[in-house]
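Biologist: Can you walk me through this model? I am new to this, so please keep it plain.

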Amino acid sequence: MELGMKNRVAIVAASSKGLGKATALGLAMEGVKLTICSREKEALERTAEEIRSQTGADVLAVACDVSKTDQIKTVVKETINEYSKVDILINNAGGPPVGAFLDFTLQDWQKAIELNLFSAITFSSEVIPYMKENKWGRIINITSYAVKQPVEGLLLSNTVRAGIIGLAKTLSNEFAPYNILVNNICPGRIFTDRITFLAYERAKKEGKSFDEVISAMGSDVPVGRIGKPEELANLAVFLASERASYITGTTIQVDGGLTKGLM
Ligand SMILES: NC(=O)c1ccc[n+]([C@@H]2O[C@H](COP(=O)([O-])OP(=O)(O)OC[C@H]3O[C@@H](n4cnc5c(N)ncnc54)[C@H](OP(=O)(O)O)[C@@H]3O)[C@@H](O)[C@H]2O)c1
């Protein structure tokens, strides 16, 4: 299938590694010009170079903490200076800490809101005016299967990410007349540093080895394994493409069947 993405411009948030990096690489393979961002400049530059050498794509790397509004504004400004437009926004961030309700202070809540909700609000409000002008846009939020089925120990994620779904559905209605399509992707268990971190936390809590936990995390999933980052990226790239022209306001899990609900 020809995805029709050559010369599109994408910002991929939180993309030096993991799901963001896999999505950036997938877009670059389709001829998309990229801005990638994350906090640690050296790791980000290494990723940019890796994507350029694998795909020949233009990659602008801008160091940014997505929980800081002024830094997000800089990412969008530098993207416009470099490419004069932005067609695709992939909202993504790090994951919030693990814990139960009484473990968290109000400041922890504030940080999780800034990282996993306000970052998407800010990025969206910065890019939509450019998309509206060009009557073309794709916004894809990488969230979690927690928005469909709360995950034990991930209270901050279970709560804050639900707001993204409300945001996306509302934006999808408001901006559909401008051909700006907004969708959510919910990873289940995909092999990245985040899963390694969660597996270590669970191993500590349950007095098991890391390998035992990883193997249990895979065998819980109906397809019998943890997913690969590119398996999520494939959906993100499709949703960002010309071919996804009638899909908006949806929330789709990439979880090997892990989510147990009907919808
Ligand atoms: N992997 C899964 O199975 C899974 C499942 C459900 C939900 N999720 C969610 O999906 C998102 C991506 O997960 P992942 O597995 O790709 O994680 P990951 O492998 O740990 O990668 C996280 C990326 O985000 C960047 N990042 C973290 N905090 C940031 C910040 N404040 N500002 C800018 N960049 C930041 C990191 O770079 P720097 O540290 O240098 O900033 C890194 O590039 C997370 O929100 C995670 O909770 C993942």
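**A residue-by-residue chat**

Modeller: Let's start with Arg-52. Arg-52 is partly exposed, because its relative accessible area is 27%. Here buried means under 20% relative accessible area, exposed means over 50%, and partly exposed is in between (1.4 Å probe, protein chains only).

Biologist: Before we go on, what kind of model is this?

Modeller: This is a predicted model: local features need pLDDT of at least 70, side-chain atom pairs count only at pLDDT 80 or more, and totals for chains, interfaces and linings use all residues. Residues are numbered from 1 along each chain as its sequence is written, and side-chain values use heavy atoms, with hydrogens and water left out.

Biologist: Back to Arg-52. Which helix does Arg-52 lie in?

Modeller: Helix 2, residues 41-55. Helices (H or I, at least four residues) and strands (E, at least two) are DSSP runs, numbered from the N terminus.

Biologist: And what does Arg-52 touch?

Modeller: Ala-57 and Val-59, if you skip residues up to four places away in sequence. Contact means heavy atoms within 4.5 Å. Also, the C-alpha atoms of Arg-52 and Ala-28 are separated by 8.3 Å. Those two residues are 24 apart along the chain.

Biologist: Let's zoom out. How many helices and strands does the chain have?

Modeller: Eight helices and seven strands.

Biologist: What radius of gyration does the chain have, and what would a compact globule have?

Modeller: The chain has 18 Å. A compact globule with 263 residues would have a value near 18 Å, so the two agree. The radius is taken over C-alpha atoms, and the globule rule is 2.2 Å times the number of residues to the power 0.38.

Biologist: What box do the C-alpha atoms fill?

Modeller: Roughly 55 × 35 × 35 Å, taken along the principal axes.

Biologist: What share of the residues is buried?

Modeller: 51% of the 263 residues count as buried. The chain exposes about 12,500 Å². Carbon and sulfur atoms supply 53% of that area. Accessible areas come from the Shrake-Rupley method with a 1.4 Å probe, and for residues only the protein chains shown count as cover.

Biologist: New topic. Which domains is the chain divided into?

Modeller: Domain 1 covers 9-190 + 228-254, and domain 2 covers 193-226. The bounds come from an automatic or database domain assignment. Over C-alpha atoms, 25 Å separate the centres of the two domains.

Biologist: How many residues are in contact between domain 1 and domain 2?

Modeller: Ten residues of domain 1 are in contact with 13 residues of domain 2.

Biologist: Now the loop between helix 7 and helix 8. Is Val-223 there buried or exposed?

Modeller: Val-223 is exposed, because its relative accessible area is 53%. Gly-224 is in the loop between helix 7 (210-219) and helix 8 (229-239) too. Gly-224 counts as partly exposed, because its relative accessibility is 46%.

Biologist: What is Phi of Ser-84?

Modeller: Near 70°, a positive value in a residue other than glycine. Ser-84 is in the loop between helix 3 (69-83) and strand 4 (88-91). Ser-84 counts as exposed, because its relative accessibility is 61%.

Biologist: And Phi of Lys-135?

Modeller: Near 50°, also positive in a residue other than glycine. Lys-135 is in the loop between helix 4 (106-134) and strand 5 (137-142). At 51% relative accessibility, Lys-135 counts as exposed.

Biologist: One last residue. Why does Ser-157 count as buried?

Modeller: Because its relative accessibility is 3%. Ser-157 is in helix 5, residues 155-175. Leaving out residues up to four places away in sequence, Ser-157 touches Pro-96, Ser-144 and Ala-146.
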